[in-house]
Amino acid sequence: MTDMLTAPVAAPDHAGTGAPFRVGELDGYLTCTGVTDVTHDVRSFTFALPERAGLHFLPGQFLTFRFLIDGERRERCYTISSPPTRPETLTITVKRVPGGVVSNWLHDHLRAGDVIGASGPFGQFSSTIHPADKYLFLTAGSGITPAMSMLRTLRATGDPADVVFVHSARTPDDLVFRAELEALAAESGTSVVFLCENDSPGEQWHGRRGRLSMATLGEAAPDLLGREVFTCGPPPYMAAVRELLGRAGADRRRCHEESFVFGTAAPATSAPAGTATKHRVDFRRSGRTVECDSDTTVLEAAAGAGLTLPSSCGEGMCGTCKLTLLSGRVDMQHAGGIRPREIKQDKVLACCSKPLEDLAIDA
């Protein structure tokens, strides 16, 4: 079912004291301790670290999970939906997706007691990294999970920040964390707006209808230009929100977004015919040398030469394509999928690294 793919978690920092300890990085195993239905097609999966350790992470960050499904290795990123105030119990919240190999496998097979590989935390989509007095969370579908972790953290720590939370769904039955958000809406400082496109079979929706619009955005957050904005959801939703925020005159530096879309960023099957300077990339272990120009990523160049490297998100987020650079320099524009410590150790992400000179890579 699930393969043991990674090394044990980092050693405890309070070993021998008997007290709970935390680790700053996870690269090992998690044990599923519970599965909870959230909606008809969304479930939360709770995990425990070895030795009852806790994990240091920021609200909004994610883990990269490793699975062996039907004999094939799969890696996926899932945001931690629980707050870091409960570091010993990590929860992810996953929606079934038509044709979604991993998400559907989680729903159908993962049960309490199962052990899976994971690493992280990764990501910079966090209210801790972008602190503010006022936030606007715009989410759709399972994109609610990082914002939920941030909101739970703000309220658990007594942060007085003013939060407007706008969540879009197809029907009332598809509203994720509805009851919890309704309870939080009763508290001072949290304004929650649900948007549904249609009624559900068992409920006629009397709230706001349709998709997010300038009118709804203006009513929900008339002071949005003074808010730190976090957006997460499917790509069409993200594009629509981006357009709305642009029309509203929002400062791009205060607008943050994140979306995990796999399968659409597959490496090219042939290297682009760039006119930029060409460099040699020597993959030492495989004994292959390819040409790669300065406009092409190492992953694309390898794929163009028929060399398959591990990869997943293609956007510098998940860390799946992490390699060791033996010599040479790259321009790496990552999105949080690699730690500063790893960069100092000459690790690079092939999907977002372009050569600045000839390279030798341990692959």
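Student: How many salt bridges does a search of the whole structure find?
Tutor: The search finds 26 salt bridges. Keep in mind that this is a predicted model.

Student: Give me one to look at. What does arginine 96 meet in a salt bridge?
Tutor: Arginine 96 meets the side chain of aspartate 108, at 2.4 Å from N to O. Arginine 96 sits in the loop between E7 and helix H1 (101–109), while aspartate 108 is in helix H1, so the pair ties together parts that are 12 residues apart in sequence.

Student: Which residue forms a salt bridge with glutamate 180?
Tutor: That is arginine 152, with the closest N and O atoms 2.6 Å apart. This pair links distant parts of the chain: glutamate 180 is in helix H3 (residues 178–185) and arginine 152 is in helix H2 (residues 144–156), 28 residues apart.

Student: And where do those two fall, buried or exposed?
Tutor: Glutamate 180 has 29% relative accessibility, so it counts as partly exposed. Arginine 152 has 16%, so it counts as buried. The cut-off for buried is under 20%.

Student: What about arginine 253, what is its salt-bridge partner?
Tutor: Aspartate 251, with the closest N and O atoms 3.0 Å apart. Arginine 253 is exposed, with a relative accessible area of 70%. Aspartate 251 is partly exposed at 30%.

Student: Which residues are linked in a network of salt bridges?
Tutor: Glu25, Lys322, Arg339, Arg341 and Glu342 are linked that way.

Student: Back to H2. How many of its residues are buried?
Tutor: 12 of the 13 residues of H2 are buried, so the helix is largely enclosed by the rest of the structure. Among the buried ones are Ile144, Met148, Leu151 and Arg155.

Student: What span does H2 reach, first C-alpha to last?
Tutor: H2 reaches 18 Å, close to the 18 Å expected for its 13 residues at 1.5 Å a residue. Then comes glycine 158, which follows H2 and has a positive phi, near 75 degrees.

Student: Switching to sheets. What is the strand order in the antiparallel one?
Tutor: The order is E6-E5-E8-E2-E3-E7, an open sheet of 6 strands. Strand E6 (72–79) and strand E7 (89–95) are at the edges with a single partner strand each, so one side of each has no neighbour in the sheet. On average, neighbouring strands of this sheet are turned by 40 degrees against each other, direction ignored.

Student: How does E2 pair with E8?
Tutor: Strand E2 (residues 26–39) and strand E8 (residues 115–122) are antiparallel, with 6 bridges. Look at tyrosine 29: its bridge partner in E8 is glycine 117.

Student: And how many bridges join E2 and E3?
Tutor: There are 7 bridges between E2 and strand E3 (residues 42–48), again in the antiparallel sense. A hairpin joins E2 to E3 through 2 residues. Aspartate 37 stands opposite arginine 43 in E3.

Student: What about the parallel sheet, which strands are in it?
Tutor: It is an open sheet of 6 strands in the order E12-E11-E10-E9-E13-E14. Strand E12 (208–209) and E14 are its edge strands, each pairing on one side only. Strand E13 (residues 228–232) and E14 pair over 4 bridges, in the parallel sense. Phenylalanine 230 has histidine 256 as its bridge partner in E14.

Student: Which strands does helix H5 lie across?
Tutor: Helix H5 (residues 235–248) lies across strand E9 (134–140), E10, E13 and E14, at about 155 degrees to E13. H3 lies across strand E10 (162–169) and strand E11 (190–196), at about 140 degrees to E11.

Student: Last one. Where is glutamate 258?
Tutor: It is in strand E14 (residues 255–258). Glutamate 258 is buried but has no salt bridge. The nearest side chain of opposite charge is arginine 242, 12 Å away.

Student: So what is glutamate 258 in contact with?
Tutor: Leaving aside neighbours within four places in sequence, its contacts include Gly60, Phe62, Phe125, Cys232 and Met317.

Notes:
Residues numbered from 1 in each chain as written. Predicted model: local features only at pLDDT ≥ 70, side-chain atom pairs only at ≥ 80, totals over all residues. Heavy atoms only, no water. Buried < 20%, exposed > 50% of the residue type's maximum accessible area, 1.4 Å probe, protein only. Lys, Arg positive; Asp, Glu negative; His and termini not counted. Salt bridge = Lys/Arg side-chain N within 4 Å of Asp/Glu carboxyl O. Contact = heavy atoms within 4.5 Å. Pairing = 2+ DSSP bridges. Axes fitted to C-alpha atoms, helices over the stretch in contact; angles between N-to-C directions. Expected span 1.5 Å × (residues − 1).
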